[in-house]
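Dear colleague,

Please find below the structure that I am handing over to you. My notes on it follow.

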Protein chains: 2
Amino acid sequence: MPQRSPGGPISLSVIKTACSGCNLRELCLPLGLSAEELERLDDLVSVRRRVKRGEHLYRSGTPFDSIFAIRSGFFKTDVLIEDGREQVTGFQMAGELLGLDGISSEHHTCNAVALEDSEICAIPFARLEVLSREIHTLQHHFHKVMSREIVRDHGVMMLLGTMRAEERLAAFLLNLSQRFTARGFSHAEFYLRMTREEIGSYLGLKLETVSRAFSRFQEEGYIAVQQKHIRILDVAGLKALMNHHR
Amino acid sequence: MPQRSPGGPISLSVIKTACSGCNLRELCLPLGLSAEELERLDDLVSVRRRVKRGEHLYRSGTPFDSIFAIRSGFFKTDVLIEDGREQVTGFQMAGELLGLDGISSEHHTCNAVALEDSEICAIPFARLEVLSREIHTLQHHFHKVMSREIVRDHGVMMLLGTMRAEERLAAFLLNLSQRFTARGFSHAEFYLRMTREEIGSYLGLKLETVSRAFSRFQEEGYIAVQQKHIRILDVAGLKALMNHHR
DNA sequence: GCGCGTGCTTGATCCATGTCAACGGGGCAG
DNA sequence: CTGCCCCGTTGACATGGATCAAGCACGCGC
């Protein structure tokens with residue numbers, strides 16, 4: 001069991017901002033809402049806070065009452081089993097939601113850890129349900145977000161169940177690239193916020209295998225790697241590699 | 001590629017029954033509803049139909065408009081990629097919902113195939129959203145069901161990412177056993193509706209590996225297998241095996 | 001009742017990835 | 001500036017599961 005830092009796991013400094021002024025509103029929950037509806041969502045999303053690198057936003061087993069939207073930063077979610085095995089279930093970036101897994105049992109079922117200093121918006125779930133009864137667009141969009149999470153998970157199952165090491169890593173890099181692009185960052189150049197071990201855990205590989213695959217991609221000229229700095233040189237090459245199954 | 005049966009993929013014989021009289025109402029969507037609310041759900045769930053063994057309930061890429069509740073029978077869902085690889089994403093039994101993945105893009109993103117003659121209830125999603133705005137219990141329960149699906153997927157990711165072959169199969173058998181129990185069937189004795197290959201696809205293993213693991217479990221006295229007929233002899237043994245990681 | 005096909009089992013071998021080990025570099029603490 | 005620790009890289013070797021191949025059992029159609 002991970003130990004709690006004294007005085008609670010999360011830093012509580014509150015930031016004042018609103019969905020209506022948030023540049024992520026086209027990615028995040030507010031998508032498709034009118035100005036007036038957006039204001040009602042603002043009321044609901046009153047708590048914003050910072051989570052420092054390495055801190056938990058929530059832990060598996062703790063009571064669930066809010067979902068969280070990432071305003072800035074980068075998170076991982078993971079599940080641990082007794083014998084110490086860890087499975088990273090996802091990496092989340094700005095505009096994505098955290099905590100949906102907690103709705104079913106009213107307790108979080110995974111850990112969410114900031115991989116860099118981050119800011120999140122807490123959305124009290126009970127109030128979200130009330131509001132989404134009134135705002136159809138919000139209701140529907142929320143359902144889409146949950147469904148998208150399920151589809152994403154199926155993709156990971158595909159990856160874990162059928163792909164070999166290099167395919168997995170290629171898929172991972174292309175996915176990150178695409179998500180960075182959607183946020184207005186370079187699609188070709190980015191910093192990884194996670195370690196090789198965390199990548200490995202997510203992809204069902206050991207860190208050495210991840211490292212070797214990175215090296216091979218570099219030798220082949222698909223990417224340039226230096227530690228956590230990645231430059232994608234040949235998107236098509238990486239894509240081709242993914243169909244390269246025996 | 002599975003071929004389409006002439007005249008469309010699904011048999012359309014309609015069965016007349018109601019949620020209010022359904023013995024699955026404690027497992028399925030109606031959970032927690034009052035008699036009066038249940039009647040309103042009945043109105044919504046008007047289409048019931050049979051899907052014969054081997055037939056598709058829906059296919060990846062087709063438009064989404066309903067989710068489906070399984071009234072009786074057994075399904076698999078799978079995702080295919082171009083080069084023919086298949087990933088089975090789940091096996092579903094009576095009382096479980098199918099099609100949640102389609103909400104996000106308004107198209108189904110996987111195939112649902114009956115593994116035995118089955119009966120399903122179609123729930124038009126747009127109408128479910130309307131009704132769940134009016135019935136809070138229904139809204140909340142629906143959210144829980146979606147969330148449970150996410151949690152389940154995380155479990156599969158854990159399995160695929162960190163477990164070895166025998167652990168995966170043990171986890172699979174225990175999970176089936178537990179779900180049969182919840183439906184009032186024997187926890188110790190059941191028929192598998194799926195082939196070794198489908199089990200393998202779900203567990204990220206080849207069919208030979210699945211077969212060998214079954215044989216080993218039998219040698220060890222954990223189970224008795226004869227083709228698709230499984231008898232679990234030592235639940236504790238199977239559970240112990242799951243922590244048996246090197 | 002017989003023959004065929006599909007699915008299952010089992011054996012032999014191979015290979016991708018895991019494991020173990022050594023080393024190097026960068027960043028942070030003092 | 002110096003030293004340490006964490007992270008990443010690389011090599012040598014081990015192994016679990018994949019692959020290839022053969023044969024068997026059951027269910028179904030004729």
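Which helices each supply at least two residues of the surface near DNA strand C? They are α6 (207-219) of chain A and α6 (207-219) of chain B, where helices are DSSP runs (H or I, at least four residues) numbered from the N terminus. The largest share, five residues, comes from α6(B).

This is a predicted model, in which local features need pLDDT of at least 70 and side-chain atom pairs pLDDT 80 or more, while totals for chains, interfaces and linings use all residues. Residues are numbered from 1 along each chain as its sequence is written, chains are lettered from A and ligands numbered from 1 in the order in which they are written, and side-chain values use heavy atoms, without hydrogens and water.

**Around the DNA**

There are 18 residues around DNA strand C, each with a heavy atom within 4 Å of the strand. Among those that come nearest are A:A165 and B:S211.

**Between the domains of chain A**

An automatic or database assignment divides chain A into domain 1 (19-135) and domain 2 (163-241). Their C-alpha centres lie 26 Å apart. Four salt bridges are counted between these domains, each a side-chain nitrogen of Lys or Arg within 4 Å of a carboxyl oxygen of Asp or Glu. A:E96 and A:R183 form a salt bridge at 3.4 Å, N to O.

Yours sincerely
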